[in-house]
Amino acid sequence: MSEKKRINEIAKESGFTNAELVEKARKLGFDVKSHSSSLSDFEGKQLITAMGSDKNNHATEKKAPAKKMPTVKTEKKADEPLTFKGKAVVIDPAILARAKAKEGNENSQVGQSTSTVKEDSKKVQIKIVASVEEQEKAKAIAEKVAQTNKAVERVLAKAEAVSARVDKVAATLTEDEAKKVTAVSLSPEASHQPKEASKKFLSNRPKIAIKVVKRAEEQPKFSDRPLKDRLKKEAGQVKSAQSQGKSVRHGQTARPFQKKTDQNAPRVQKTEFAPAAVDARTTANRRKGNKNRDSNRSEAKDNNRFGGGPLRVNDNRNQVRNARNSNWNAGNRRHGKNNNSPVTERKFFELPETLEYTEGMTIADLAKRIHRESAEIVKKLFMMGIMATQNQSLDEDTIELLLIDYGIAPEKKVQEDKSDIERLFVEEGYLNEDNMVTRPPVVTIMGHVDHGKTTLLDHLRKNRVNITEGEAGGITQHIGAYQIDINDKKITFLDTPGHEAFTSMRARGASVTDITILVVAADDGVMPQTIEAINHSKAAGVPIVVAINKIDKPGANPQKVINELAEQNVLSTAWGGESEFVEISAKFDMNIDALLETVLLVAEMQELKADPTVRAIGTVIEARLDKGKGSIATVLVQQGTLRIQDPIVAGNTFGRVRSMVNDLGRRIKEVGPSGAVEITGLNDVPQAGDHFAVFEDEKSARAAGEERFKRAQLIQRQNTRRVSVENLFDTLKEGQLKKVNIIIKADVQGSAEALSASLQKIVVEGVAVDIVHSAVGAINESDVSLATASNAFIIGFNVRPTADARDAAEREDVDIRLHSIIYNVIDEVETAMKGMLDPIFKEEIIGEGLVRETFVVAKLGTIAGFLVTRGKISRDASVRVIRDSVVIHDGPIASLKHFKDDVKELGNAQEGGLMIEGYNDIMIDDTFEAYKMVEIKR
Ligand SMILES: Nc1nc2c(ncn2[C@@H]2O[C@H](COP(=O)(O)OP(=O)(O)OP(=O)(O)O)[C@@H](O)[C@H]2O)c(=O)[nH]1
């Protein structure tokens, strides 16, 4: 059985190509289609034989490479990985044969190969030498490194390793690149290099050269080319932009440039493109006014990077990032707050000529208004002796001082003080004239003790209050005030007899009384409290209706009362005076109607009007705290109408009217002018005499109430200054007083009158003395109360204040002057009014001492060793030296010592040393008394 073989198998075995064999087979007449066609054993042999005869025809040409190649391969195997044209070769005899045949065909220069190899080897050597020469620096470095043998060996070893790596890299390179790289050592020609050449190659450290060559070639491959291109392109853009006169944004041009420059292989780019970059940057800088210092700094960094060497690519990249950041930063700063550009100077503002200020402005507010720094104002205030911080509120005086200092005319802004409810009582425009209606008079009953005030009030309440049927058993409630009807007209009575309430209310600035009924008992006549009541009424400018009471009594003498009242300047209209006189009997209801009609008449004369349409304002008559209901206040409505749920401010309290009860105990929903009601709903208890006002809403009521409370506390702390002889002149100077109010209390009427007449004669420009009250008797509480209400001071002539009055005066800070010589009184008041009152000092002896020893100290003087025999001797006292009962010296103490220590004072029975200022003649057994000058209150 003959075996069959495929042509490709024969080709493998014979070393011929499939095509050759197929072609030959066809020529021999075998039936073959391709290299996979089969031939019998015989045919195969025939084919080989035929091929063999052909081969012989070209023997030299083909065999030479065929035989040499394996040799080369063998050599290669020993030393290096098998490569062919720089590619790894698989060791397969058939492929090798085929490849060889192919190469033979391509070159057809088998005979010349040896010489070519030789030439190439020379080239390689020349090239190596050349490259070594070119890389002198590298050599130098290598030589330095190779100063020790070990180092040289290490370098050589490294070179070998690099060589191996180069081979590896070359294997992966493209054919062209491989050609370049292996031109030195890896070309097929080079592979034919003898071993000696290889050794020589190594000894000359060709690998280092190769390394350098490789680096030089790699550089452009990885970064140089594209970067160059980009740089060229962008530099071109910059140039073209410049040439077109376009503005080149720094951030757009300089930044990309930096990036390129940094990534580039150093020298080439620097020399080639730096000028363009500088141009671009210069342009940008010029446009920005050279503000961008950072960009210059980053430029310097760039320059430094140029010297960094090609191997620091990554480092450069980082720097590029930094440079980019710095550029961005620079760009941002241009727009941002941290601009490094020169600080813009504050625009100068002229000071205003006038400035409308509000009290309580802070320094910062003021600084803003006058366009000056707060610090400047703080400094200015400091120079003026005022320590303040910029957020501190300034008072009116300080603001005005400051503005005047700046040359600005201060103008206080008139602000509506919502918390100032008092203004509503005097403000024009709060009331509407068109809505005005007649209102009932508010009457207070005053008079001396037991003259029948309470009897009259009770009688009026019980018999005149219009109690309708079914109303609380006809019993009126005591709420502090009530209203009666008489001839369809109403009269409001304040239910507090005496003048305490009257004065206390007046002292609080409230003036609710329209008419005073002065009750004088016909059987008793004018008594001290009658006079006080008269004076109170006069001081308040309230008309008096005199009720001569108890005319039913057998001993009643109305005429006497009229006469006495005339002495007090209370004259009947029948006598040409201003007061109405009515003779009554409160107890027996005589002439009460006449009294009430007289009151109404007087009221009519007064033309008492009110506007019931406005929000209510009025005065607190009484107030108390009820355990169940809380704060309860009786308020007298003076204007407007008070309604349930009204937001209200009363004194320093606030709230909403929760309930209203009238004098009949009836719950009502509203009350008009001159009506008195008891209200609940206030957050605290107001005081009698406090004003109240209804607000538009609870919020503003609360705000006003709180503000008033705050201010009241402040005033309390400031301890309100009352007029006294000491501060009289200052008070007059401040323009607060046009009248000096004086209350005179004397031992006898004659003295009081004489004093009163003398004081009224004092003439001080623009000021008049007003004797508010002049009476006989001790200074009592009522005098103090009147003095408080009238801002007066009291002169006691040969009289003393009662203990209560003294306490009250101290409490209310009322000045009481006690004298026994009229001239002294007049002199004091006149001096005070002229502001010439000198303080009075009194000598106060604090202690005595006895000199027991004297020591003379050079340069110092005589020191007296002494014993304190009475009281104490203090350092700040003066001493009077007494010898044989005669005062021989009087002067201040220079030093006081206890043993060697300086002391402030020495007590009784203590010993010490003493020096007297300017006196050294002190002797043993001299005595001395120590005294101080103490200012005494007048
Ligand atoms: N005969 C007579 N007695 C009267 C009259 N009015 C009052 N009285 C009596 O006088 C005394 C004192 O009367 P009051 O009403 O308490 O006098 P007051 O002024 O209120 O006295 P004080 O409350 O102490 O200030 C009482 O006993 C009354 O009865 C009157 O018109 N005729």
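Here is a friendly conversation about the predicted model shown above.

Student: What should I know about the numbering and the cut-offs before I start?
Tutor: Residues are numbered from 1 along each chain as its sequence is written. This is a predicted model, in which local features need pLDDT of at least 70, side-chain atom pairs count only at pLDDT 80 or more, and totals for chains, interfaces and linings use all residues, while side-chain values use heavy atoms, leaving out hydrogens and water.

Student: How many helices and strands does the protein chain have?
Tutor: Helices (H or I, at least four residues) and strands (E, at least two) are DSSP runs, numbered from the N terminus. With that rule, the protein chain has 31 helices and 35 strands.

Student: Which residue in E12 is the bridge partner of Ile517?
Tutor: Strand E11 (residues 515-521) and strand E12 (residues 544-549) are joined in the parallel sense by six bridges. Leu518 stands opposite Val546 in E12. For Ile517, the bridge partner in E12 is Val545.

Student: How many of the residues of E12 are buried?
Tutor: Buried means under 20% relative accessible area, exposed over 50% and partly exposed in between (1.4 Å probe, protein chains only). Ile544, Val546 and Ile548 point one way from E12, while Val545, Ala547 and Asn549 point the other way, and all are buried. The count for E12 is therefore six of its six residues, by that cut-off.

Student: Is Ser585 buried or exposed?
Tutor: Ser585 lies in the loop between E13 and helix H25 (592-606). Leaving out residues up to four places away in sequence, Ser585 touches Asn549, Lys550, Ile551, Asp552, Met590 and Ile592. Its relative accessibility is 0%, so Ser585 counts as buried.

Student: Which residue in the turn between E18 and E19 has a positive phi?
Tutor: Four bridges join strand E18 (residues 647-650) to strand E19 (residues 653-661), and the two run antiparallel. Pro647 stands opposite Arg656 in E19, and Ala650 stands opposite Thr653. E18 and E19 form a hairpin with two residues between them, and the turn residue with a positive phi, of about 60 degrees, is Gly651.

Student: Which residue in E22 is the bridge partner of Ile648?
Tutor: E18 is also joined to strand E22 (residues 691-694), through three bridges in the antiparallel sense. Pro647 and Val649 point one way from E18, Ile648 and Ala650 the other way, and all are buried. In E22, the partner of Ile648 is Val694.

Student: How wide an arc do the buried residues of H28 cover?
Tutor: Helix H28 (residues 749-760) has the buried residues Ser751, Ala752, Leu755, Ser756 and Leu759. The arc is that of the directions from the helix axis to the C-beta atoms. These residues are on the same side of H28, because their arc is only 130 degrees.

Student: Why is the pair of Phe866 and Phe928 edge-to-face?
Tutor: Rings of Phe, Tyr and Trp (its six-membered ring) pair if their centres lie within 6.5 Å; planes under 30 degrees apart count as stacked, over 60 as edge-to-face and the rest as tilted. By this rule there are two aromatic pairs. In the pair of Phe866 and Phe928 the centres are 5.1 Å apart, and the pair is edge-to-face because the planes are at 70 degrees.

Conventions
Pairing = 2+ DSSP bridges. Contact = heavy atoms within 4.5 Å.
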